[in-house]
Amino acid sequence: MTTRRAWVGRLREWLGRRSDADLEAELRSHLELAAEDGGRRQARLRVGDVPRAMETLRGVRRFAAWRDVVRDLRYAVRSLRAAPTFTIAVVLTLALGIGANAAIFSLVQAVMLRRLPLTDPGQLHFIAHGSGTPRPDGTSSNYPYFERLRSQSTDVFAGITAATSRRFKVSTDAGVEQVRGQYVSGNYHALLGVRLAVGRGFSVEDDRANGVPAIGVISAAYWARQFNRRPDVVGQTITVDGTPVAVVGVTAPGFDGLDPGATVDITVPMSLMARHRPGFLDAHDGWTSLTLVARLKPDVSVSQATARTDAILQQYLREPDNVWAIQHSNDNFRQALLLPAARGTAGLRTQYGTPLGVLMGMVAVLLVIACLNIANLLTVRASARRKELAVRLSIGATRGRVARQLLTEHALIAAIGGGVGFALAGWGTRAVVGLLAQGRNGVSIDAQPDAGVLLFTTIVSVVTGLVFGTVPALRAARVDPLLALKSAVRHHRHARLTGRRLLAAGQVALSLALLVGAGLLVQTLKNVRTIDGGFQRDHLLLFGLDTSGTSFQAAGLPQLCGDLIERLRLRPGVSSGSCSTMSPVDTRAEFTGLHLPDRPETPEARGIYVNVVSAGYFQTMGIPVRRGRAIGAGDTGAAEKVAVLNESAAAFFFPGEDPVGRTLSFIRRPDTMIRIVGIVGDARHDLRDDPPRMVYTALTQIQGATAALTASVRAVDFDTIRAELRTEVRALSPAVVVNAVRTMEEQIDEEVVRERLLAILSTSFGVVALLLCCVGLYGVMAFDVAARHREIGVRLALGASRLSILLNVLRQAAIVAVPGLAVGLGLAWSSSKILEGLLFGLPPRDPVTLLGACLTLGLTAAAAALVPARRAAQVDPARVLRAD
Amino acid sequence: MPNKDAAKADVLQGTLDLMVLQTLATLGPLHGYAIAARLEQVSGGAIQLNMGTLYPALMRLEQQRLVRGTWGTTETNRKARFYALAAAGRRRLAAERAAWDRMSSIMQRVLDAPE
């Protein structure tokens with residue numbers, strides 16, 4: 001036999017399993033020997049034949065193996081039930097660790113990994129553009145560009161579809177509400193392969209401009225919400241932005257549009273744009289938020305298609321009508337790009353990618369801490385069962401059998417822990433998804449644990465079980481029966497304790513790293529929330545006014561606003577009110593281009609924030625006026641056009657000079673001169689960024705069309721106002737829709753939902769880690785004290801003070817905890833880079849946080865060690881000596 | 001296996017184990033055929049073991065580490081697997097013998113009890 005086969009054979013022997021070939025050889029030799037004795041035919045009659053004997057042997061082997069497994073399991077269940085506290089502690093610890101991992105993985109899968117449920121999503125690409133630099137690529141386009149692409153790229157694309165999203169005003173019998181929707185081109189459903197639950201999707205004929213009754217497709221969620229999932233929904237009419245739309249289909253659940261997180265409830269054909277926003281389809285003097293998705297032809301490569309698209313883009317830009325594109329566009333439109341669309345647009349992934357990654361890391365560390373705890377507990381339990389194992393070994397069980405039985409027990413624990421963890425994960429994921437879905441711009445994620453998460457949980461449970469279960473099982477099986485039965489504790493104490501001390505120290509180190517992370521993230525939340533935004537955030541109520549489809553277009557808005565504010569100011573406690581197109585810390589932002597006379601064009605001037613406000617805006621928001629005056633009642637439509645700059649804009653465009661009195665104009669209307677009448681303080685738009693440069697113009701002198709306003713009211717108490725807001729507005733005009741009523745505090749809360757998520761979760765993980773760490777440390781010290789019971793008694797008898805005993809135990813605890821803290825600090829220090837992008841207002845190696853975490857962990861560890869220490873100090877020496 | 005057969009097989013299995021262990025204790029290491037031949041001889045032909053009965057028992061005994069099996073050669077220069085009694089096997093043999101003696105004496109007393 002070769003050496004390898006010899007080794008395999010030896011391994012087989014150890015396991016007690018012989019190969020089929022080996023067995024068969026033995027049977028044949030038996031037959032031969034029988035033939036020797038009395039002839040071949042006789043032999044077979046006497047001893048039977050080889051195949052049948054092999055069958056029997058195989059059957060017996062299978063039966064024995066199965067019986068062993070069943071017996072092991074039964075024994076495992078019995079021994080776990082006999083120690084309920086232990087079992088519950090271990091299962092709970094494991095469930096928390098595995099459950100947290102499964103929950104975060106659910107989120108990761110839903111946000112980062114899931115592909116859209118379309119046909120062959122790998123072939124779909126967004127048509128985008130970039131400048132070749134690391135700046136984020138844009139996916140905007142415009143309709144004429146889409147038309148050119150559609151007709152000229154048939155050699156590389158099987159088709160292109162366009163979509164643009166919008167908040168529709170939908171009136172049904174129940175009332176008027178704002179619904180997220182999109183306009184799409186006729187081939188949207190067919191090209192993407194959207195699955196429909198009821199009815200049909202669009203066809204190219206449905207996208208004709210005139211003469212065709214308007215149709216629409218609704219989402220499964222909307223069908224449930226608005227129509228109670230009635231089966232005859234096809235043919236029902238809803239009024240979308242004033243147009244009656246007949247429902248022709250319902251999308252199957254799972255697909256809510258191309259933007260993950262933003263559910264699209266109503267889809268209507270692009271041709272409807274001609275009625276709602278005339279000019280959109282012909283407008284080629286700007287880029288709009290039209291998203292283009294193309295399906296690659298099967299044999300075409302991405303680079304081929306990109307080259308073709310780029311050629312079409314360059315050609316389009318060179319058309320004589322498109323001079324604006326070269327002049328006023330920024331660098332982002334240098335070249336065309338194709339971005340993979342299999343997972344939808346990248347907004348949600350970019351926003352939550354790093355946070356989720358950090359959370360996965362934290363939760364993995366938590367699981368390791370839990371495993372260390374469980375390994376500790378198992379070691380204690382094994383040493384307590386030493387006698388039982390010794391008995392089993394002495395009556396003939398092999399070490400392999402004993403180890404296998406213990407492994408079965410540990411596997412069972414892992415399985416139960418994993419199962420409970422999976423259930424917990426469902427609850428946890430729901431809580432997180434609920435948090436993210438709050439607010440006007442809440443993100444809707446479907447993160448219910450599915451088969452993928454189940455697979456993940458199973459793998460994690462198996463690996464965890466192996467990690468914490470193997471070593472204790474093997475060690476326990478190495479018990480020497482003779483020594484164990486003699487009930488001498490001392491022989492094994494030393495070796496066990498070092499191992500357990502290491503485990504406990506490891507827990508301390510990892511827990512410290514988690515606590516530091518949690519501390520940093522909580523402080524980040526506090527910093528972002530409390531930063532001075534340049535305005536007064538308290539006692540401020542905001543709400544949206546949607547005037548689209550009413551008679552209050554541009555000209556009537558100031559009147560509506562004025563009347564509304566007047567009515568509200570009649571109420572007690574209301575100090576001021578105003579309307580505007582933007583508010584601080586808002587997700588909406590409008591840009592425009594400034595044209596300053598006698599000044600060279602700068603790229604910064606092309607993209608400045610513009611906020612159109614009514615009189616009293618700055619007073620309502622609490623933004624101080626630094627120079628000149630604010631926009632006031634005198635700035636009517638007939639008067640000279642005025643504007644106000646914020647400090648950053650003034651400093652940038654007029655360094656060292658006084659801008660008040662100067663004029664400027666906007667790029668779109670370069671002939672209309674506007675006079676600067678004041679400078680106001682900076683107000684932040686995104687709390688995390690510096691305040692942007694902003695120009696304010698008057699609502700009464702508005703130059704563009706707008707239908708949506710944000711109204712703001714400063715008042716002492718909002719409860720009655722909030723309740724009666726809609727009545728007040730309806731009194732002025734029944735068609736104006738009030739939406740998104742929120743206080744400024746609530747708006748800020750929505751803004752920081754990402755930081756809140758990180759702070760809440762990391763703190764939870766940190767607290768659990770702290771608890772586990774304390775339990776682990778307590779366990780080690782308690783074991784130590786119990787093992788040294790006699791020694792302590794002797795010491796006390798010889799005259800040592802109780803205090804010295806107490807300090808001694810504490811010192812033992814310190815020997816474990818202090819190196820753990822040191823290693824933990826090292827871990828936190830070296831891994832600080834990971835959190836860099838998520839922090840605000842403090843460095844990743846913030847000394848205060850590091851110190852705070854050390855203190856917290858140190859004090860908790862001291863408290864955990866104090867209990868066994870006191871018990872040690874209370875040992876009765878007389879009793880100890882007598883018992884010996 | 002239907003239940004009755006299983007029960008019968010269990011009884012046979014227990015006694016067969018004991019017989020094999022005793023044979024090995026008496027005669028030292030033997031190969032499978034020799035064990036079967038010996039048992040046939042000692043029982044006066046009452047016990048005739050075919051391969052399908054003997055080898056499951058030997059496999060079980062080996063798995064429980066009561067016997068140790070190694071390949072060797074017979075006197076007639078044939079390859080055969082020899083089984084030797086292990087220390088655990090010796091202990092099990094003693095225990096099983098004691099149990100058997102106890103049971104048979106009780107049975108004796110019960111069956112012969114006067115009315």
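Leaving aside its neighbours within four places in sequence, T267(A) is in contact (heavy atoms within 4.5 Å) with Q182(A), V184(A), H189(A), F202(A), I215(A), G216(A) and V217(A). The model is a predicted one, in which local features need pLDDT of at least 70 and side-chain atom pairs count only at pLDDT 80 or more, while totals for chains, interfaces and linings use all residues. Side-chain values use heavy atoms, with hydrogens and water left out, residues are numbered from 1 along each chain as its sequence is written, and chains are lettered from A in the order in which they are written.

T267(A) lies in strand β8 (residues 266–269) of chain A, where strands (E, at least two residues) and helices (H or I, at least four) are DSSP runs numbered from the N terminus. Because its relative accessibility is 7%, T267(A) counts as buried, a term that means under 20% relative accessible area with a 1.4 Å probe and protein chains only, as against over 50% for exposed and in between for partly exposed. The side chains of T267(A) and Q182(A) are joined by a polar contact of 3.5 Å; such a contact is a pair of N or O atoms within 3.5 Å, of which, within protein, one must be able to donate a hydrogen and the other to accept it, and residues adjacent in sequence count only if both atoms are side-chain atoms.

Further along chain A, the buried residues of helix α18(A) are L557(A), P558(A), L560(A), C561(A), L564(A), I565(A) and L568(A). They cover an arc, taken from the directions from the helix axis to the C-beta atoms, of only 160 degrees, which puts them on the same side of α18(A). What covers these residues includes β11 (540–546), β12 (574–580), β21 (708–715) and α22 (719–732) of chain A.

The remaining topic is the contact between the two chains. It takes 31 residues from chain A and 26 residues from chain B. The area buried between them, meaning the accessible area (1.4 Å probe) that two parts lose on being put together, summed over both, is about 2,500 Å², of which carbon and sulfur atoms give 58%. In chain A, E26(A), H30(A) and L33(A) lose the most area to chain B, together 23% of what that side buries. Between chain A and chain B there are 2 salt bridges, each a side-chain nitrogen of Lys or Arg within 4 Å of a carboxyl oxygen of Asp or Glu. E36(A) forms a salt bridge with R78(B), with the closest N and O atoms 2.6 Å apart. On the side of chain A that touches chain B, α2(A) gives the most, with 12 residues.
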